[in-house]
Amino acid sequence: MKRKIVIILFLIINIISFSEPKQRIKEIARIEGVRKNHLIGMGLVVGLNGTGDSAKNLTPQLLKSLYRYFGTELGQSQVDSKNVAAVMVTAELPSFKKIGDTIDVTVSSINGAKSLEGGILLQTQLVAGNKVYALAQGTLSRVTGKNITNSVNGYIPSGATVEREVEVELVNNNKLSIILNNPDFTTASRVAEVINKRFNYDTAKAIDASKIEIKQTYVFEDDIVSFISAIENLEVETDRKSKIVIYEKSGTIILGNEIKVSPVAISHGDLSIAIGNNTGTDKKGNALYFNGSTVKDVVDMLNSIGATPNDIISILQALKASGAIEAEIDVR
């Protein structure tokens, strides 16, 4: 009985939460070309207390190259790498970061190091497309909050300095484009409509389910930043696909109030269910004839006759498989 109540309560809560308020365009879309850029580099972490690499090839070679850079020639057998570790360094460079700005870096062992804790990353070039965009260096901190618990990964806040800016072309042929975070034809059409109402009816056009192309207006001809700001702060009512979320372990079902169900007949265990277009519910033996229009009606009916959460979940999945429910089912 308790698990059945949980389902009903979640349905009532979800009926309220599925009423979509208007959202600013900046919350549902991004400007085309404005994105994060992944950087990578290979470097050395030094100062390890005997927890460095035990390998006899890669790390000594890197150390030998480092000694040579500073004018010292050593034989490979003279290089001891126990206090040194070869690492890969990764970072994300957002658009509009300027030369001299800093970004965070993550450092990960690529050889046999036991721990990178307390180590210092030597200056490492971070590249993308064979171009150096940043230089990283600094003392490693333990990675936290990234589901990484081992000691062969490290983190350096503001550990790299930007040396090259990412070129971003906001306007091309007097047009800019915005990309929806969640592609949807209806939302794309509504975004174009809102922009046209704000400026004029020849400003925006939805190209597909995710891209809206916008002409730069005469008023903002020399001020692209203010133009983008004005667009980003327009509000639009978003559309979303119907979705049913099922938590199997708890027997909890979350769904919208208006997900339709088509007429269908199904059999589950010793119970036969027929869903029609008329009104009312009739039970004859193990056969249940139910007339309702939404999935919520079906769930309420099944609860009323004492169906278990597992029964309800199985029946919903069967309705989806038969094509009676036009909604995505997400089982977790």
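Visitor: Which residues does Ser210 touch, leaving out those up to four places away in sequence?

Guide: Ser210 touches Ile178, Ile179, Leu180 and Pro183, once residues up to four places away in sequence are set aside. Keep in mind that we are reading a predicted model.

Visitor: Where is the place of Ser210?

Guide: Look at the loop between strand 11 (204-206) and strand 12 (211-215); Ser210 is there.

Visitor: Does Ser210 count as buried or exposed?

Guide: The idea is to compare its relative accessible area with a cut-off: buried means under 20%. Ser210 has 18% relative accessibility, so it counts as buried.

Visitor: How many bridges join strand 10 to strand 12?

Guide: Five bridges join these two antiparallel strands. You can follow the pairing by residue: Leu176 has Ile214 in strand 12 as its bridge partner, and Lys175 stands opposite Lys215. On the strand 2 (residues 29-31) side, three bridges link strand 2 to strand 10, again antiparallel. There, Ala29 stands opposite Leu180.

Visitor: Why is strand 10 described as largely enclosed?

Guide: Count the buried residues in the strand. Five of the six residues of strand 10 are buried, so the rest of the structure largely encloses it.

Visitor: Now the helix. How many residues does helix 4 have, and how far does it reach?

Guide: Helix 4 (residues 185-198) has 14 residues. From its first C-alpha to its last it reaches 20 Å, close to the 20 Å expected at 1.5 Å a residue. At the start of helix 4, a side-chain oxygen of Asp184 comes to within 3.0 Å of the backbone nitrogen of Thr186.

Visitor: Which residues of helix 4 are buried?

Guide: An α-helix has 3.6 residues a turn, so residues three or four places apart point the same way. In helix 4, the buried residues are Thr187, Ala188, Val191, Ala192, Ile195 and Asn196. The elements they pack against include strand 10, strand 11 and strand 12, and among the others are helix 2 (25-28) and helix 5 (224-232).

Visitor: Next come the charged side chains. How many salt bridges are there?

Guide: Side chains of opposite charge can pair when their charged atoms come close. The count in this model comes to seven salt bridges. One of them joins Lys211 and Glu32, with the closest N and O atoms 3.7 Å apart. Lys211 lies in strand 12 and Glu32 in the loop between strand 2 and strand 3 (36-46), so the pair ties together parts 179 residues apart in sequence. Lys211 counts as partly exposed at 23% relative accessibility, and Glu32 is partly exposed at 34%.

Visitor: What is the distance for the salt bridge of Lys36 with Glu92?

Guide: The closest N and O atoms of Lys36 and Glu92 are 3.4 Å apart. Lys36 belongs to strand 3 and Glu92 to strand 4 (residues 85-94), so this pair ties together parts 56 residues apart in sequence. Glu92 is partly exposed, at 36% relative accessibility.

Visitor: Can we end with the sheet of three strands? In what order do they come?

Guide: The order of this open sheet is 15-14-20, and the pairing is mixed. Its edge strands, each pairing on one side only, are strand 15 (252-255) and strand 20 (328-331). The twist averages 15 degrees from one strand to the next. Helix 7 (residues 309-322) packs on this sheet and touches strand 14, strand 15 and strand 20. The direction of helix 7 makes about 145 degrees with that of strand 20.

Visitor: How many bridges join strand 14 to strand 15?

Guide: Four bridges join strand 14 (residues 243-247) to strand 15, and the two run antiparallel. To see the pairing, find Ile244, which stands opposite Leu255 in strand 15.

Key: Residues are numbered from 1 along each chain as its sequence is written. This is a predicted model: local features need pLDDT of at least 70, side-chain atom pairs count only at pLDDT 80 or more; totals for chains, interfaces and linings use all residues. Side-chain values use heavy atoms; hydrogens and water are left out. Buried means under 20% relative accessible area, exposed over 50%, partly exposed in between (1.4 Å probe, protein chains only). Contact means heavy atoms within 4.5 Å. The expected span of a helix is 1.5 Å times one less than its number of residues. A polar contact is a pair of N or O atoms within 3.5 Å; within protein, one must be able to donate a hydrogen and the other to accept it, and residues adjacent in sequence count only if both atoms are side-chain atoms. Two strands pair if DSSP finds at least two bridges between them. A salt bridge is a side-chain nitrogen of Lys or Arg within 4 Å of a carboxyl oxygen of Asp or Glu. Axes are lines fitted to C-alpha atoms, for helices over the stretch in contact, and angles run from 0 to 180 degrees between N-to-C directions.
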